[in-house]
Amino acid sequence: MGLLQTLFNIHSDEATSGREAVVKASENEYDIIFMDHMMPDMDGVETTARIRAMGGWRATVPIIALTANAVEGAKEMLLSSNMDDFLAKPLQKAELNRILRKWVPKHYRIEALPAVREPEIADVKVEYSGLLGRVAEALPEINVEEGLESAAGKQSIYERSLRLLAGKIPDFAERLETLLRDSRVSEIAIHVHGMKSSLASVGAAPLSRQAKDLEHAAINDDLTFCRDYLPQFIMQLRELGSKLDRILDSDYDAQIAAEKGDPDKLLADLKHLYSALEAHDAETIAAVMAPLQHLDFGPGINPLLVILKGKVDTFDYDGAKTFLAFHFPEVP
């Protein structure tokens with residue numbers, strides 16, 4: 001939900017599973033909850049029921065269903081399950097704005113986003129530079145324009161989505177292979193559902209459509225279809241991840257300037273970074289990391305900063321702290 005922070009300056013917490021969402025709702029009070037339909041351990045319907053059952057503010061807090069499921073009747077089913085409204089994925093900024101203005105308490109001012117104007121001339125080819133230019137040139141399977149639209153036109157959000165996708169593809173592909181080998185069709189449906197949305201959000205429509213077909217087959221317990229087509233999907237997904245890794249790495253390497261970095265200041269910056277990682281302070285983390293990308297600390301340090309940046313960009317804050325403690329023992 002990076003759009004909430006970037007476009008509306010709204011603080012949000014993220015849960016990676018239904019169980020974690022229930023725990024967060026038991027420990028914190030929220031003005032609105034966005035509930036994914038399909039999650040690995042319990043789905044959005046069951047998670048919503050458990051949150052509502054806790055009573056108090058949880059019985060009435062607006063819960064907004066998120067789903068990429070276009071099956072007829074899905075919206076009605078979710079709204080009949082104690083959810084208050086519905087958003088289709090990938091999220092569109094105008095729809096997100098509408099939901100926030102409708103459901104967030106009135107004492108919070110949610111400013112309407114500018115209306116999206118249709119281009120006056122059709123089929124105008126947009127030229128991109130920097131990282132997006134390399135993605136557009138090297139990855140024909142990704143439509144950068146569609147990805148930017150999903151990111152509300154914010155390049156920083158789109159680049160983060162690309163990095164998040166690249167970071168999770170290896171584990172995701174390995175997990176799918178295990179599920180297929182064990183014939184766990186229902187879990188295949190849940191996992192490809194999430195990847196379908198991630199692919200759509202970066203503009204990888206062809207692979208997203210394959211994920212949608214596999215999700216539909218798995219929901220219908222069609223193991224034969226999954227065995228025939230899932231290996232090819234996994235192979236294409238890994239190829240995409242590999243290409244993205246190379247492009248993202250080259251993008252970072254290109255940013256390193258000739259200016260020499262100060263080792264003493266680097267140590268102070270890394271200590272500041274470690275504290276921010278412990279506090280999950282994303283704004284401070286970004287502020288500390290940004291200047292380091294433009295400095296040269298020599299062949300012994302530069303590669304470590306590249307790896308550290310990869311962990312931070314994929315929000316692996318615990319991994320980043322462990323990495324810092326091991327390679328820079330003076331930091332913790």
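**Loops, sheet and helix packing**

Reader: Asp221 lies in the loop between which elements?
Author: The structure is a predicted model, in which local features need pLDDT of at least 70 and side-chain atom pairs count only at pLDDT 80 or more, while totals for chains, interfaces and linings use all residues. Residues are numbered from 1 along each chain as its sequence is written, and side-chain values use heavy atoms, with hydrogens and water left out. Helices (H or I, at least four residues) and strands (E, at least two) are DSSP runs numbered from the N terminus. In these terms, the loop that holds Asp221 is the one between H10 and H11.

Reader: Is Asp221 buried or exposed?
Author: Buried stands for under 20% relative accessible area, exposed for over 50%, and partly exposed for values in between (1.4 Å probe, protein chains only). Asp221 is not a glycine, yet has a positive phi of about 60°. With a relative accessibility of 57%, Asp221 counts as exposed.

Reader: What is the relative accessible area of His280?
Author: His280 is found in the loop between H12 and helix H13 (282–292). Although not a glycine, His280 has a positive phi of about 55°. His280 is exposed, and its relative accessible area is 52%.

Reader: What is the order of the strands in the open sheet?
Author: Two strands pair if DSSP finds at least two bridges between them. E1 (residues 33–36) and E2 pair in the parallel sense over four bridges, and E2 and E3 (residues 85–88) also pair in the parallel sense over four bridges. E1 and E3 stand at the edges with a single partner strand each, so one side of each has no neighbour in the sheet. The order in this open sheet of three strands is E1-E2-E3.

Reader: How many residues of strand E2 are buried?
Author: On one face of E2, Ile63, Ala65 and Thr67 are buried, and on the other Ile64 and Leu66. Strand E2 (residues 63–67) is largely enclosed by the rest of the structure, because its buried residues number five of the five.

Reader: At what angle to E3 does H5 run?
Author: Axes are lines fitted to C-alpha atoms, for helices over the stretch in contact, and angles between N-to-C directions run from 0 to 180 degrees. H5 lies across E1, E2 and E3, and its angle to E3 is about 165°.

Reader: How far apart in space are Lys93 and Glu149?
Author: Lys93 is found in helix H5 (residues 93–103). Lys93 is partly exposed, at a relative accessible area of 25%. Lys93 and Glu149 are 56 residues apart in sequence, and their C-alpha to C-alpha separation in space is 8.4 Å.

Reader: Beyond its neighbours within four places in sequence, which residues is Leu176 in contact with?
Author: Contact means heavy atoms within 4.5 Å. Leaving those sequence neighbours aside, the contacts of Leu176 are Ile188, His191, Val192, Leu230, Phe233 and Ile234.

Reader: How many charged residues has the contact of H12 with H15?
Author: The axes of H12 (residues 263–278) and H15 (residues 317–327) come within 9 Å and cross at roughly 145°. H12 contributes Leu270, Leu273, Tyr274, Leu277 and Glu278, and H15 contributes Tyr317, Ala320, Lys321 and Leu324. Ala, Val, Leu, Ile, Met, Phe, Trp, Tyr, Cys and Pro count as nonpolar, Asp, Glu, Lys and Arg as charged, and the others, Gly among them, as polar. By class the contact has seven nonpolar residues and no polar ones, and its charged residues number two.
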